[in-house]
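Please keep the sequence and the structure in view while reading.

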Amino acid sequence: MPKIEDVAERAGVSVTTVSRVLNNRGYISQKTRDKIYQVMKEINYQPNEMARALFRRRSNMIGLIIPTVSHPFFSELTYYLEYYADRKGYKLLLCNSNRCISKERDYIEMLKKNQVDAIIMGSSVLDVQHYLNLNLPIVSFDRTIAENIPIVTSDNFMGGKFASRLLIDKGCRKPAYVYRGIGGSHHHALLASGRMQGFDEELNDAGMIEPIHLQLSATDADDSNNEHEIVRFFQENPDVDGVFASSDVIAAEVIQACHQLNKSIPEEIKIVGYDDVKVASLVSPRLSTIKQPIREMSECMIELIAKQIKGEDVPLMSTFPVTLIERGTT
């Protein structure tokens, strides 16, 4: 495999000159640049990107830590993050934590060794101190880490109120909130808990009975046990006539449970999800949901990262409004 020394020798220049051309540093005449690039092409020399990163003290890579890219929401989020990162000249290094503390810790060590320029933190189980010690620009998605780390989120509280109000307006008298436990000891920092708070407050303001909550097990989204838990919940609470699910995936599981129990939607039970990912339009009936602007939030996260890398000040809280999308389940 050709080395930088081979390029320098064949081009009749020093290794330092070749390095400066590769890293675009210092003045090098266009004639010399053209000659070096021609030699690189002739001998098929491939620059060592990691070595170049160390030289520049930048890798143009952003680490992204999420629970799992297989989840429809995080899949769409990753897609848009990659799109906007690429437009800024960055590449994403994707890390699926699977909500595992040891795996998340290992990924952080890997990101440090790969000299990433920044981290987008969308996971939820590791102690925040591991992130505070990184000395890197960080943006957190939907979770409080520390006072000086920027957060991008949607208006979870208002989303919960929108869902509750829709169910009430549609005649529901015993709606329930269904969510999934994430496991770990740091779930209290997740801003998504505002969905439950908004849901409960709207019910209380309407003079409804004590809100009903169902916390599903912290398992994979496609685990059949989730559907069994929901079926059992409906059997034990036959008068529940509405559901606000904390995500569209959970709402889809609720729909499947209703089909299994021959509960007609929306006649017997009405369902509202959260996110408005593609699955919301693929289930039957099509899902009413609270839309959070995934594309706009992704663009904002990349912009915050880019500004931090440049040393610019950024807002510590970016909250995006949500929208009620009514479809066939209500």
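This is a predicted model: local features need pLDDT of at least 70, side-chain atom pairs count only at pLDDT 80 or more; totals for chains, interfaces and linings use all residues.

Residues are numbered from 1 along each chain as its sequence is written, and side-chain values use heavy atoms, with hydrogens and water left out.

**Helix packing**

- Helix α8 (residues 156-169) packs against helix α9 (residues 194-205) at an angle of about 40°, their axes lying 6 Å apart; helices here are DSSP runs of H or I with at least four residues, and strands are runs of E with at least two.
- Among the residues that make the contact (heavy atoms within 4.5 Å) are Phe157, Lys161 and Arg165 of α8, together with Phe199, Glu201 and Glu202 of α9.

**Salt bridges**

- The whole structure holds 13 salt bridges, each a side-chain nitrogen of Lys or Arg within 4 Å of a carboxyl oxygen of Asp or Glu.
- Lys174 and Asp239 form one of them, at 2.9 Å from N to O; Lys174 lies in the loop between α8 and β6 and Asp239 in the loop between α10 and β8, so the pair ties together parts 65 residues apart in sequence.
- Lys174 is buried at 19% relative accessible area, whereas Asp239 is partly exposed at 43% (buried means under 20%, exposed over 50%, partly exposed in between, with a 1.4 Å probe and protein chains only).
- Glu253 and Arg180 meet at 3.0 Å, N to O, and both are buried.

Conventions. Axes are lines fitted to C-alpha atoms, for helices over the stretch in contact, and angles run from 0 to 180 degrees between N-to-C directions.
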